[in-house]
Amino acid sequence: MKSLKAVYNILTNNSPLNTAVSGRISPLRLPQATSFPAISYYQVSLVANNTQSGYSKSDFARVQISIFAVTLVDCLSVADKVRTAMQINPGTFNSVVVHQAKFDNEVLLSDDSAGEEGIYHIAQDYIINFNR
């Protein structure tokens, strides 16, 4: 999944973000004993970029980036850093040519059954346009 390769590269190469989560950036799900704050990401959907003459050489992927933290303040701070990191110029990220990463939406959630105090969760969706 090329979109995930690009997103991983974008997130891990952003020094303020990577420092804030101590490198805890994982695809699909967080490992069982992960400390917080932490980030997971996955591809929600992939849509071909059809043209009048057939298929183009690029696709659109909806990628969700989930931020988890013990406090709301930490969760909001890391979410802001993620959004800043994802505001990229077109370029090549981990061998994937990305034309655009557009912020789509954000949802604030919580899980009171996680750990003793629960955790806060912010889910951000991005639409990534990249070469197939």
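**Close-up views of a predicted model**

**View 1. The parallel pairing of strand 1 and strand 2.** In this predicted model, strand 1 (residues 25-27) runs parallel to strand 2 (residues 38-51), and 3 bridges join the two. Within this pairing, I25 has I39 of strand 2 as its bridge partner.

**View 2. The hairpin of strand 2 and strand 3.** Strand 2 and strand 3 (residues 54-69) are paired in the antiparallel sense over 12 bridges, and the hairpin that they form has 2 residues between the strands. Across this pairing, Y41 stands opposite I65, which belongs to strand 3.

**View 3. Strand 3 beside strand 6.** The pairing of strand 3 with strand 6 (residues 119-131) is antiparallel and extends over 12 bridges, and here R62 stands opposite I127 in strand 6.

View 4. The open sheet has 6 strands in the order 1-2-3-6-5-4, and its pairing is mixed. Its edge strands, strand 1 and strand 4 (91-93), each pair on one side only. Direction ignored, neighbouring strands of this sheet are turned by 30° against each other on average.

**View 5. Two helices lying across strands.** Helix 1 (residues 2-12) lies across strands that include strand 1, strand 4 and strand 5 (96-111), and runs at about 135° to strand 2. Helix 3 lies across strand 2, strand 3, strand 5 and strand 6, and runs at about 10° to strand 6.

**View 6. A nonpolar patch on the surface.** The patch is formed by L72, L76, L108 and Y120, which together have about 330 Å² of accessible area. One of these residues, L76, lies in helix 3 (residues 72-85), and L76 counts as partly exposed because its relative accessible area is 43%.

Terms used. Residues are numbered from 1 along each chain as its sequence is written. This is a predicted model: local features need pLDDT of at least 70, side-chain atom pairs count only at pLDDT 80 or more; totals for chains, interfaces and linings use all residues. Side-chain values use heavy atoms; hydrogens and water are left out. Two strands pair if DSSP finds at least two bridges between them. Helices (H or I, at least four residues) and strands (E, at least two) are DSSP runs, numbered from the N terminus. Patches are made of residues with over 30% relative accessible area and no salt bridge: like charges are joined within 9 Å, nonpolar side chains (Val, Leu, Ile, Met, Phe, Trp, Tyr) within 5 Å. Accessible areas come from the Shrake-Rupley method with a 1.4 Å probe; for residues, only the protein chains shown count as cover. A salt bridge is a side-chain nitrogen of Lys or Arg within 4 Å of a carboxyl oxygen of Asp or Glu. Buried means under 20% relative accessible area, exposed over 50%, partly exposed in between (1.4 Å probe, protein chains only). Axes are lines fitted to C-alpha atoms, for helices over the stretch in contact, and angles run from 0 to 180 degrees between N-to-C directions. Contact means heavy atoms within 4.5 Å.
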